[in-house]
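Have a look at the structure first, and then we'll go through its cores, a helix and some charged pairs.

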Amino acid sequence: MTQTVDNPEVLRMEGITKRFPGVLANDDISIDVRAGEVHALLGENGAGKSTLMKVLYGLLQPDRGEIFLHGGRIHISSPRAAVEHGIGMVHQHFMLVPNLTAVENVMLGLPRRPLSVLDRAGASRRLRELSAEYYLGVEPNAVVENLSVGAQQRLEILKLLFRNVRLLVLDEPTSVLAPAEVEQLVRMVRMLAAEGRAIIFISHKLEEVKEVSDRVTVLRDGRVVATCPTDEPSSADLAQMTVGRPITIGRRLGGRASESAATELQLEGVTGLGDHGVPALVNVSLEVRAGEIMGVAGVDGNGQRELAECIAGLRRIESGRVLVGGRVVEGQSRDLNLLGFIPEDRQRTGLILSFSIGENLVLKSFDRPPFTRRGLLRWRAIWEHARRLMGDLRMRRTDPTIPVAELSGGNQQRVMVGRELQGDPSVVIASQATRGLDIGAVENVHEMLLGQKKRGAAVLFISTELNEVLAISDRIVVLYRGEIMGEVRPEEVTIEDIGEMMLGRRRTA
């Protein structure tokens with residue numbers, strides 16, 4: 001880490017306060033960021049991080065407080081005004097138009113003179129130069145929907161560099177990246193800081209924060225708990241600051257299921273196509289027993305989503321079959337009460353964002369008592385059910401009529417997980433169930449999945465986070481280009497062993 005204590009101040013936010021109905025999201029928050037500094041922002045989901053950054057980026061206006069840039073007080077009325085001040089933000093959910101090319105996305109919103117023609121060729125040249133200079137590897141003419149998730153994120157950063165932004169906000173930048181892509185991002189962030197740019201780095205991953213940042217500010221319940229050099233507190237200290245209680249990091253949570261238990265989920269030679277008609281799963285066979293958690297590891301994009309969707313009936317199986325409880329199931333005939341499905345994309349697949357919390361929590365059961373009677377919804381029962389479940393999920397919000405779109409990403413995930421695990425399904429498919437969650441919420445999700453295991457459910461746990469796959473699983477399979485590279489027990493392998501399998505090295509017995 002570089003020493004930035006004497007570097008000039010780029011940003012100062014003083015006394016920022018922002019209220020929403022029933023919630024004080026930011027309570028007199030003050031924070032400063034210096035040139036050449038990577039300043040990490042830590043906090044639980046709902047602690048106020050996103051609200052504070054939306055105020056900085058002009059998406060929200062504070063009820064009270066001031067913003068200073070290079071010592072001068074400024075007013076940021078919109079994201080366009082923020083960019084004009086040299087402030088840019090890479091959101092957790094990318095702001096890209098999928099059917100446009102990379103250079104077209106970069107050019108969107110660029111100011112131009114009346115009747116002038118946009119210089120696409122010049123923009124492509126500049127984009128190539130920036131991509132080469134920062135080792136970002138994005139082809140200007142590539143269509144965004146054909147880019148990997150990592151490449152899309154690099155394009156978001158290139159959009160800011162194209163506009164010569166000097167203060168970058170990176171919101172959960174590694175939540176969808178493979179380990180090698182994380183290393184590349186960390187190198188690039190340090191390169192940008194070495195140029196004198198100021199960077200605010202929002203992450204829930206403590207070791208990542210320790211590696212990349214110079215200082216860290218911890219938020220809890222909308223207030224600043226501490227600001228300090230990152231190398232002073234330990235990871236355990238940071239975890240306790242974040243959630244207000246001790247958190248055990250890296251604890252082995254899984255165990256060995258009974259080998260005599262019944263097989264609840266079985267795949268026999270399943271092959272399925274990806275979105276572009278190319279096989280994404282190739283002859284996949286596996287079994288998950290009652291009272292067992294099977295982990296599925298692999299670099300994102302190697303068939304994990306297709307695996308989950310084939311089991312859930314959202315994707316057609318080309319060959320092979322899926323059995324739940326010993327019965328062959330096909331397509332939409334799957335019994336929703338037997339299967340709990342936590343998809344990897346909560347906003348596109350898991351939730352209806354315009355619906356309330358309460359409505360989302362009964363999406364699978366609204367047509368049954370006590371939520372309906374004689375064909376009419378019983379709203380009092382729906383709201384009471386939601387309040388009870390929201391308490392169990394440790395959500396700060398208490399009003400079940402709030403649209404899910406207004407919740408933080410982590411609380412949206414809580415709603416989805418809570419809905420899918422109620423009703424005691426016999427099989428649970430959890431795909432990236434902790435993506436974007438803070439350490440306290442991750443622990444909460446792990447506890448819920450272990451509770452499902454304890455009561456006898458078969459859990460298929462798909463994650464790109466190797467540490468949690470090792471921590472929570474009884475057995476692990478690794479996917480590479482849609483094929484299983486081998487099956488291992490977590491107590492018998494290292495992260496390096498699994499890493500080799502993730503790169504395509506098949507494990508022999």
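A nonpolar core here is a set of buried Ala, Val, Leu, Ile, Met, Phe, Trp, Tyr and Cys residues joined through side-chain atoms within 4.5 Å. Keep in mind that this is a predicted model.

With that in hand, start inside. The largest nonpolar core has 41 residues, and the members touching the most others are Ile 357, Leu 449, Ile 476, Val 478 and Ile 498. In soluble globular proteins, nonpolar side chains tend to be buried together.

Zoom in on Ile 476. Leaving out residues up to four places away in sequence, its contacts include Gly 295, Ala 297, Val 488, Pro 490 and Ile 498.

Next up is helix H13 (residues 409–421). Its 13 residues should span 18 Å at 1.5 Å a residue, and the end C-alpha atoms sit 19 Å apart, which agrees. H13 is mostly covered, with 13 of its 13 residues buried. After H13 comes Gly 423, whose phi is positive, near 90 degrees.

The loop between helix H12 (379–392) and H13 holds Arg 394. This arginine is partly exposed, at 43% relative accessible area. Not counting residues up to four places away in sequence, Arg 394 touches Arg 245, Arg 414, Asn 444 and Glu 447.

Now for the charged pairs. How many salt bridges does a search of the whole structure find? It turns up 31 salt bridges. Three of them are listed here.

| Arg | Partner | Closest N to O |
|---|---|---|
| Arg 215 | Asp 32 | 2.9 Å |
| Arg 316 | Glu 318 | 2.9 Å |

Take the Arg 215 pair: Arg 215 lies in strand E9 (residues 215–220) and Asp 32 in strand E2 (residues 23–34), so the bridge ties together parts 183 residues apart in sequence. Arg 215 is buried, with a relative accessible area of 10%.

Are Arg 315 and Glu 309 buried or exposed? Arg 315 counts as buried at 12% relative accessibility, and Glu 309 is buried too, at 11%. Both belong to a network of salt bridges that links Asp 275, Arg 305, Glu 306, Glu 309 and Arg 315.

As for the remaining pair in the table, Arg 316 counts as exposed at 61%, while Glu 318 is partly exposed at 35%.

Conventions. Residues are numbered from 1 along each chain as its sequence is written. This is a predicted model: local features need pLDDT of at least 70, side-chain atom pairs count only at pLDDT 80 or more; totals for chains, interfaces and linings use all residues. Side-chain values use heavy atoms; hydrogens and water are left out. Helices (H or I, at least four residues) and strands (E, at least two) are DSSP runs, numbered from the N terminus. The expected span of a helix is 1.5 Å times one less than its number of residues. Buried means under 20% relative accessible area, exposed over 50%, partly exposed in between (1.4 Å probe, protein chains only). Contact means heavy atoms within 4.5 Å. A salt bridge is a side-chain nitrogen of Lys or Arg within 4 Å of a carboxyl oxygen of Asp or Glu.
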